[in-house]
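Biologist: I am new to this structure and would like to learn how to read its features. Could you take me through them slowly?

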Amino acid sequence: MKIGNHEFNLDQHTYVMGILNVTPDSFSDGGKWNRLDAALAHTEEMIADGAAIIDIGGESTRPGYTKLSDAEEMERVAPMIEAVKARFDIPVSVDTYKSAVASAALEAGADLVNDIWGLKYDANMGDIIAKAGVPCCLMHNRTEAVYENYLEDVVSDLRECVALAKEANIPDEKIILDPGIGFGKTYEHNLQLMNHLEILNELGYPVLLGTSRKSMIGLTLNLPAQEREEGTLATTVMGVMKGCAFVRVHNVKANVRAIRMTEAILKA
């Protein structure tokens with residue numbers, strides 16, 4: 001898969017997407033990186049630690065988050081994307097479910113659109129992505145954690161996301177899927193899906209796993225967000241073992257090392 005001007009060999013390696021939240025209210029690092037100088041320094045650190053993509057988000061999607069207007073979100077992400085692209089040779093993803101924000105981000109230089117609603121929130125999102133010719137990550141999500149047959153329903157919901165992408169003429173080679181750990185799921189659902197991530201492989205698309213510091217880990221270990229690194233690493237290792245192509249994380253260095261160790265063992 002090509003993202004920006006970089007080629008990703010998804011059959012041989014799990015890549016790390018580093019999180020850059022330019023929000024004052026993110027559950028894990030709100031307010032730390034919403035100044036340009038701090039964000040660029042953190043980006044430089046993540047790249048040095050082995051990040052292959054930087055994911056920039058302007059609206060927190062933690063439980064109880066405050067929804068932003070399109071204009072507010074654009075004001076946060078577009079200048080940051082421009083600055084990162086001007087300074088670093090690395091693909092940049094925009095974390096948004098709004099087509100107007102995605103359009104502004106793409107004009108600013110974003111290489112990938114990461115949509116937590118898998119094209120189901122904004123009817124224009126698929127067309128924006130298709131016209132730009134960029135890859136997209138389509139995440140599983142529901143407004144309520146109500147299912148008839150949970151694992152089968154997750155796969156079915158993601159098939160609907162893929163169908164929307166195809167309707168918009170987004171080619172297969174530009175589609176990534178995300179199981180949506182922590183979104184529209186109970187604690188037990190999250191654990192069950194982590195244990196059966198391989199079911200997503202039947203859909204035939206690369207999988208991005210985003211578990212970093214999430215409530216599933218906090219509830220299991222009874223720890224606050226800043227103390228969930230070991231739990232995150234455990235999910236990353238499982239993700240590698242189950243064939244995930246990407247992991248989206250806060251602590252790039254530790255996860256890159258965990259991936260290297262896991263891959264060395266699996267290839268021995």
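Modeller: Let us begin with a definition: rings of Phe, Tyr and Trp (its six-membered ring) pair if their centres lie within 6.5 Å, and planes under 30 degrees apart count as stacked, over 60 as edge-to-face and the rest as tilted. Here F8, Y15 and F246 form one aromatic cluster. This is a predicted model, in which local features need pLDDT of at least 70 and side-chain atom pairs count only at pLDDT 80 or more, while totals for chains, interfaces and linings use all residues. Residues are numbered from 1 along each chain as its sequence is written, and side-chain values use heavy atoms, with hydrogens and water left out.

Biologist: How many aromatic pairs does the structure hold, and why is the pair of F8 and F246 tilted?

Modeller: The structure holds 5 aromatic pairs. The ring centres of F8 and F246 are 5.9 Å apart with their planes at 55 degrees, so this pair is tilted. Y15 and F246 also form a tilted pair, with 6.1 Å from centre to centre and 35 degrees between the planes.

Biologist: Where in the chain do Y15 and F246 lie, and are they buried or exposed?

Modeller: Helices (H or I, at least four residues) and strands (E, at least two) are DSSP runs, numbered from the N terminus. Y15 lies in strand 3 and F246 in strand 10, 231 residues apart. Y15 and F246 are both buried, where buried means under 20% relative accessible area, exposed over 50% and partly exposed in between (1.4 Å probe, protein chains only).

Biologist: How do strand 3 and strand 10 run, and how many bridges join them?

Modeller: Two strands pair if DSSP finds at least two bridges between them; strand 3 and strand 10 run parallel and are joined by 4 bridges.
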